[in-house]
Amino acid sequence: MKDLRGKNALLTGASRGLGPYIARALAKKGVNLALTARTADALQVTAKEVSALGVKAVAIPVDVTDQVGRQRLLEGATAANGAIDILINNAGIEWVCEYTKLSPELIEQMIQTNLVAPLILSRLALPEMIARRIGHVVMMSSLGGKKGSPYSATYAATKAGLIEWTSGVREELRGTGVSASVICPGFVSDAGMFAEYGKHAPRLAGESPPDKVADAVVHAIESDVAEITVNPGPKRLLSIANAISPGTVTWLLRRFGVYEFYRQQAEDNQT
Ligand SMILES: NC(=O)c1ccc[n+]([C@@H]2O[C@H](COP(=O)([O-])OP(=O)(O)OC[C@H]3O[C@@H](n4cnc5c(N)ncnc54)[C@H](OP(=O)(O)O)[C@@H]3O)[C@@H](O)[C@H]2O)c1
């Protein structure tokens, strides 16, 4: 989608973390926004900020794990701004914890939020996009979806699911005027779930600023890029190496403290 000006986007996870950065980057390109998350007042803050950039912005508070809420979201976004051209499935949760101590409810909550909700929202948005022969779906995955980390295995499973969904659906959509991309950030500094830990990532893993993730979203839509990894360090190369020798990459990540980082975070979450 070369020209984003005047297009309508629906962005999930817009109340905090990376969402407001993505909202601002799209607004600067002239994209009208329907913004969603559960926290209504924080959503209003994002909406006010982006509407000051000269685009339409509507806040529609919804829990994306709720099917009735998802339907209401699509209808509300379309009623407010017009047909949805861009869907960005950014909302996500991660709970770092020893797997056998993770409650079945939290496992289900992670799968519902990170995987089921993006797939269903896409299912709801795509028919209209295909009928209009214009549209783009962006999935916010993670480098964690390329190489599962200990204490974050459920999160990794959901994020790997988004990568493979995008690969399959993107090809299925070829020639329809509609496409799909997946973004795989590593650790993000300054805002979002990792920044909230208040720690630095191990050097091998590296950190990226949230603007880089937002820029990647815009670039993926404008240039129809299948998959973008956002990571400054050698870890971005590790996904290539992992395809060749997963055991070696596991050893490297263990050796350079990445897995110890997760173990410590799991310990912190228990106290
Ligand atoms: N930050 C990183 O280092 C990093 C790295 C790689 C990938 N990612 C991915 O980037 C995306 C954004 O992460 P973030 O760092 O911005 O996380 P965050 O700061 O924790 O924000 C998560 C967003 O998702 C929304 N959300 C969570 N559960 C929801 C639900 N059931 N219904 C509706 N909205 C819900 C939250 O809003 P409410 O709580 O108001 O509902 C919030 O807006 C996620 O998919 C994450 O996996 C992040």
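## Ile93 and its surroundings

Ile93 counts as partly exposed because it has 15 C-beta neighbours inside 10 Å; a residue is buried at 20 or more other C-beta atoms within 10 Å of its own, exposed at 12 or fewer, and partly exposed in between, with C-beta atoms placed from the backbone. This is a predicted model, in which local features need pLDDT of at least 70 and side-chain atom pairs count only at pLDDT 80 or more, while totals for chains, interfaces and linings use all residues. Numbering starts from 1 along each chain as its sequence is written.

Ile93 sits in the loop between β4 (86-89) and α4 (104-132); helices (H or I, at least four residues) and strands (E, at least two) are DSSP runs numbered from the N terminus. Leaving out residues up to four places away in sequence, Ile93 touches Gln109, Met110, Thr113 and Asn114, contact being C-beta atoms, placed from the backbone, within 7 Å. Ser122 is 29 residues from Ile93 in sequence and 18 Å away in space, C-alpha to C-alpha.

## The sheet and its helices

Seven strands form an open sheet in the order β3-β2-β1-β4-β5-β6-β9, with parallel pairing; two strands pair if DSSP finds at least two bridges between them. Its edge strands, β3 (57-59) and β9 (227-230), each pair on one side only. From one strand to the next, the twist averages 15 degrees. Within the sheet, β5 (residues 135-140) and β6 (residues 178-185) pair in the parallel sense over six bridges, and the bridge partner of His136 in β6 is Ser179.

Helix α3 (residues 67-81) lies across β1 (8-12), β2 (32-36) and β3, at about 155 degrees to β2. Helix α5 (residues 153-172) lies across β5 and β6, at about 155 degrees to β6. Axes are lines fitted to C-alpha atoms, for helices over the stretch in contact, and angles run from 0 to 180 degrees between N-to-C directions.

## The nonpolar core

The largest nonpolar core has 73 residues, and those with the most contacts inside it are Ile22, Leu33, Leu35, Ile183 and Val217. Such a core is a set of buried Ala, Val, Leu, Ile, Met, Phe, Trp, Tyr and Cys residues joined through C-beta atoms within 7 Å. Helix α1 gives the most to this core, with seven residues. Beyond four places in sequence, the contacts of Leu35 include Leu11, Ala23, Leu43 and Val58.

## The ligand shell

The ligand is surrounded by 29 residues, the closest being Gly17, Arg38, Thr39, Gly92 and Gly192; the criterion is a C-beta atom, placed from the backbone, within 6 Å. The elements giving two or more residues to this shell are α1 (18-28) and β7 (187-188).

Technical notes: Contact = placed C-beta atoms within 7 Å.
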